[in-house]
Amino acid sequence: MSEPPRRIEITEPVTITVDGREVTAQNGEWLIDACERNDAYIPRFCYHPRMEPVGMCRMCLVEVDTGRGPALQPSCMLPVTPGMSVDTTNDKVAKAQDGVLEFLLSNHPLDCPVCDKGGECPLQDQTMAYGPGESRFVEEKRHYEKPIPISETVFLDRERCILCDRCTRFASDVAGDPLIHFIDRGSQTEIATFPDEPFASYFSGNTVQICPVGALTAKPYRFRARPWDLEEVESTCTSCSVGCRVTIQSSRNQLVRYQGVDSDPVNWSWLCDKGRFGHEASNSEDRLREPMRRSEDGALRVAQWSDALGAAAAAIRSVDPSRVAVLGGARLTNESQYAWTKLAKSVIGTDHVDAQLGDGLPAEVVLGLPGASIDDVCAKGGTVLYLGPDPKEELPVLYLRLRHAAVSDSVRIVECSPMRSGLSPYAAASLQYAPGELPALVAALCSGDVPDGGVAGVDADTVRSAAALLDGIDDLSVVVGRANLAETAGVVVDAIDAVRSARPGARYLSALRRGNVRGALEAGMSPGLLPGRTTIATGSATWTEAWGAVPTAAGLDGLGILDAAAEGRLDVLILLGADPLTDAADRSLARRAIAGAGTVISLDSLPSASTLQSDIVLPVAAFGECDGTTTNLEGRVTVLHQKVTPPGTARTDWMIAAELALRLGGDLGVESSQVELWDELVKHSAPHDGLSSAALAAQEDPDGLLLPLDATIELAATTPTNVPPRSADSLRLVVNRTLYDSGSAISHCASSAALVPEASVRLSPADAAAMGLETGTFVTVASSHGSVSVPAVVDPGVPGGAAVVRHNLESVDAGVLVDAADPVCDVRVELR
Amino acid sequence: MIGTTTPAMPTAPGVPAIVSSRFGVADGHTLEGYRSSGSYEGYSALRAVLEMSPSAASEIVKDASLLGRGGAGFPAGIKWGFCPADVWPRYIVVNGDESEPGTYKDRVLMERDPHQLIEGCLIAAYAIGAAQVFLYVRGEMAHAQERIAAALNEAYAAGLVGRNILGTDFSVDIVLHWGAGAYIVGEETALIESLEGNRGMPRLKPPFFPAAKGVYLAPTIVNNVETLSNLPWLFSHSVEEYRSVGTDSSPGTRLIALSGHVENPGIFEVAQGTTTFRELFESELYGNGIRAGHELKMFIPGGASAPWFFPEQVDLPLEGRVVGGAGSMLGSGAVVVMDETTDAVRACLRLVRFFARESCGKCTPCREGTTWEEKILQRILDGHGRPSDLELLLDVADNISPGPYPVASDPANDLDAVPYPPRQTTICPLGPSSVAPITSAIRRFRHEFEDKIVQRDLIPVEGVSVDV
Ligand SMILES: Cc1cc2nc3c(=O)[nH]c(=O)nc-3n(C[C@H](O)[C@H](O)[C@H](O)COP(=O)(O)O)c2cc1C
Ligand code: SF4
Ligand code: SF4
Ligand code: SF4
Ligand code: FES
């Protein structure tokens, strides 16, 4: 098992004797780790450095003398004490370990030749290294039905299971989804789910990774490769902005498996299933392989790159730069983002550039607030004000970190959310506010001034007791984001302003979902912004010198671009991996925008509603198919590696930018590799100082390098958003995301697509009762903008007065309800 | 026993009935009966204890050297002192899970004299400052549960349990909890897991010594039913009177559950340390002799987990250290007598099978090893044994409990005793317990095994089917 001991700093050194050698260890650390760090690896099955030990498999027995004579002890549960003496190899130890191995093998089916784990199996490896070579067990072995599915993706082979409690411990202690358990006892013990309740966890794939035998296998990898055929390289998952470190493995030029790597400041070796099984989308048959152009008859037809690029360049060249816009880019590598920013802002000369679709936070807020890293937020004993989206749905491994912080590190979380979230059970206080009224709630929480009638729909006592948790906490960590896509970003900005004025010492973590959105903002992919946390006002000199020209006035943001396109004010709309037709919160605006824009040029790796409506489609390399770097939500820069070649003639986004620049008479100044782009950014950007490609390559740990957390952009003063009161006969809409939605990444990922939930409207029990509704009743949800029909779900986690609809589910297009021009969206829910 | 009155159970001359004085009293289980019968007046000890300081009460228990009766024989007073100072709350857990084969004395204590146990709980709770008492009763003991529940109701109504006991500042609740049928929850840390609502599987010691990290990781004292049932008598008498019975290292009495091939099986309260196994088997007060026409072949001196003793050991006293030095233990006070009609291999299998079935499955050597032992023994009995099986059996056992395993001496063959306790590769002593009958039986009755073993090394192993 490649699970090295956690890297620790030895703060309390003690001397112990390991196999006769005096070595230094950290007082109180597990003996098994201390020995491994000192070159005495002790075999183990149940111990995992990121979980509490249980001492069950007994493989790690060693002889320990703490002054009372030597005795066999499980080294995984024995804390190091000064003067301890350990023998890891003597005859008694060897006999005990061999005995355990023989016991484990006695009922093991030994079907290694057809087992996915064969070749990377600790049981196999230990047996090869120490085993007796012949079995003394002549009795009949235990038999069970060969693998049974325990979820949509995970299979369990109980004959192979060695009952090490890793999967079950992970499920209950790490993920908080205690859906698998031991049942029965003695040699009849087995792992089981509850009847009719699958192991439906967003984190189920981790159990497959940590299972020390082939008992747990995952559908996307089963029988796809043998370990000795695998090639691998380390990279960073970019499915969301947490940026979990992964090993990407390929066989015959196909990505077949991602395994979590233990990055101490980030993912602790865990991944979510969406990220883990993301390679299915890369391998999709539907991948865009060749450029396409819309021909005279209106159909998209395969084209030569030269034709497609020529047409794109011609379309751009023929119009005024102010009628060209670039939307999206959060999926790109840092280098591609920089190349596209440079192309748009310098070569083309437009500032209508935005990596976000009006569903994030303003760039000045993300880059202008003093930052907090994940470790800062999760630091022992701290206090967190959580104003972000449901982290379990949007930033799954951040949820794991926050959960651990709350459960094991006494971090107190005060959560304000439009409905109860995956984090709520672990929050010291969880307050469900009326949409649009977060600023008032936050102000009350920070000041302790709570009107007797309550605030934002939350009763006064609840607010007061939550305020008490925040009282006097100056170094508050605040997680901010968009918990409700039907509410304008201005509401969140106002809430942040309330915290800033009450707690000047607070630090912030922006919980934006898209993979490299942070990198996009650092690269200047936002109107009025230039790379390196500068604005047109502060960065013009630097970037004019670097690029030759920069915009002189701020352009349109994501919503502005869509508006302009809808109104016919844009001749060229370039979509960088963006799919406004399924991803924009205001769906009808997106439709009008795509229809109203002159030429739509789309760069994407998979077909989407928006690529199908585009005039020119350029296929791009996806994750694992290109080199570069990425920046996670904290501002942590890590290196991405290419493992396989892109399908067809797909190219990397920055190459397309460079080619277009040449055709437009410019030059991005990149000759052969993305490293040149990165080093150019680093050279001119103060925050990137010290993050050169050479410095990143020299990193020994998988943690990357963190951009400075301190703000360098001046926050613009904002005007408070005016939220109108809700009329008595309407409910206020909440649109939030779920991990598995109908976006193109999930739709093309076979195992995740099956998990996309059915659409519904969630209502509080009180509202449902008032309307005479039950779970399952079909209702019409209508705003002034549009209407949808969905089944109702009565959910006690929804506060009265709110109606919650999931974003982007194919079965129901909730985006038709939202009007991006309104601060909030009121709906009527009626029986159909 | 249910619904009947046990005949008054006499003790030997000079030996007081410390815990069994109401076994023969028809209404001894009621509050009224508890107050008006027996060797002391019910709840008078509690009244006295509430007038002393908690530490003085603990001191008395320590001075009396009240040994735990659950198996390990650890002095209760010293155990109470292991609670870390100033860590609150603390809990008392009463171990009423009695399931060791041959053991049935706690059940009778709970059925016949529940108030005695309740008073004992209250005294202990007062002495250590417990916030709550959890009384864990084995799932199958329906009658005991009913009697304890009824007694608790009476005690609550009389102001003896709950808020402001006997009008003092002392308050404590006693919560009754029923097991769900697993021997392993008698092991104290498994019992705590079960109390907390989890699967009953032992925790590792270290770090989970109950006195430091027990119920909800708070300091917890786990005591056996009989241990606590001694307290009312002790506190209504004196340390001197208590220590005048038995020996210095094993004062007081023990309830012995005698079963097997004796004329008069049953439970008897005997003086610890001085009474010998011979007296126990032969005295008219107790076993009244091996059943007529038969002779003693072997006996288990302390429950199924204890290595066997043989006729040479009958004159040993029921004294922990002596029995330990002789290669076994007094354990749970269950003495099982087997005469010459007993097949040693069958007896061995019977005991091993119990441990295999009751293994909780948490740790590998016990989970896999006990079942393997059972299968080998079963195969030998089925006529498919191989000569190599005995060494295999002993080696499998050795991988559960690295030897030499405690065993009695065999003077005829010039073999010495191996003293108690055994070592273990397992988490708890259950796995190693399965080794006791194996080493005892093979060392003494190897020929019985060999007689059953077919002199053939390569036998077809039946029942193996390979699904292709
Ligand atoms: C497998 C196993 C089963 C046990 N079963 C019981 C039991 O049924 N009753 C009991 O009191 N102690 C039992 N014990 C001993 C307890 O763990 C514990 O030592 C005892 O309850 C402490 O009480 P005492 O100090 O009053 O003897 C068992 C121990 C083991 C290892
Ligand atoms: S399925 Fe794997 S991880 Fe789970 S208990 Fe069995 S061997 Fe361990
Ligand atoms: S949490 Fe985000 S970065 Fe981590 S594996 Fe999941 S999708 Fe990838
Ligand atoms: S020795 Fe047996 S009963 Fe004890 S913990 Fe291990 S498996 Fe469970
Ligand atoms: S690794 Fe220590 S007991 Fe399993």
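In this predicted model, the buried residues of helix 4 of chain A pack against strand 8 (180–183), strand 9 (190–193), helix 5 (205–210), strand 10 (216–218) and helix 13 of chain A. Helix 4 covers residues 166–174. Helix 13, one of its packing partners, spans 396–408 and also supplies at least two residues of the shell around ligand 3.

**Helix 4 of chain A**

- The buried residues of helix 4 are Arg166(A), Cys167(A), Arg169(A), Phe170(A), Ala171(A) and Val174(A).
- Just after helix 4, Gly176(A) takes a positive phi of about 75°.
- Cys167(A) is buried in helix 4, and Cys167(A) is also among the residues that come nearest to ligand 2.

- Ligand 3 has 14 residues around it, of which Cys237(A), Ser239(A), Cys240(A), Cys244(A) and Gly275(A) come nearest.
- The shell around ligand 3 divides into 9 nonpolar, 4 polar and 1 charged residues.
- At least two shell residues come from helix 6 (273–276) of chain A, and at least two from helix 13.
- Ligand 3 lies between domain 2 (144–282) and domain 4 (364–510) of chain A, because both domains give residues to its shell.

**Chain A as a whole**

- Chain A contains 28 helices and 36 strands.
- The radius of gyration of chain A is 28 Å, close to the 28 Å that the globule rule gives for 832 residues, so chain A is as compact as a globular protein of that length.
- The C-alpha trace of chain A spans about 85 × 65 × 50 Å along its principal axes.
- Of the 832 residues in chain A, 58% are buried.
- Taking contacts in chain A between residues at least 6 apart in sequence, 71% join residues at least 24 apart.

**Contact between chains A and B**

- In chain A, 26 residues are in contact with 26 residues of chain B.

Key:
Residues numbered from 1 in each chain as written. Chains lettered and ligands numbered in written order. Predicted model: local features only at pLDDT ≥ 70, side-chain atom pairs only at ≥ 80, totals over all residues. Near = placed C-beta within 6 Å. Helix = DSSP H or I, 4+ residues; strand = E, 2+ residues; numbered from the N terminus. Nonpolar A, V, L, I, M, F, W, Y, C, P; charged D, E, K, R; others polar. Domains from an automatic or database assignment. Buried ≥ 20, exposed ≤ 12 C-beta atoms within 10 Å, placed from the backbone. Contact = placed C-beta atoms within 7 Å. Rg over C-alpha atoms; globule rule 2.2 N^0.38 Å.
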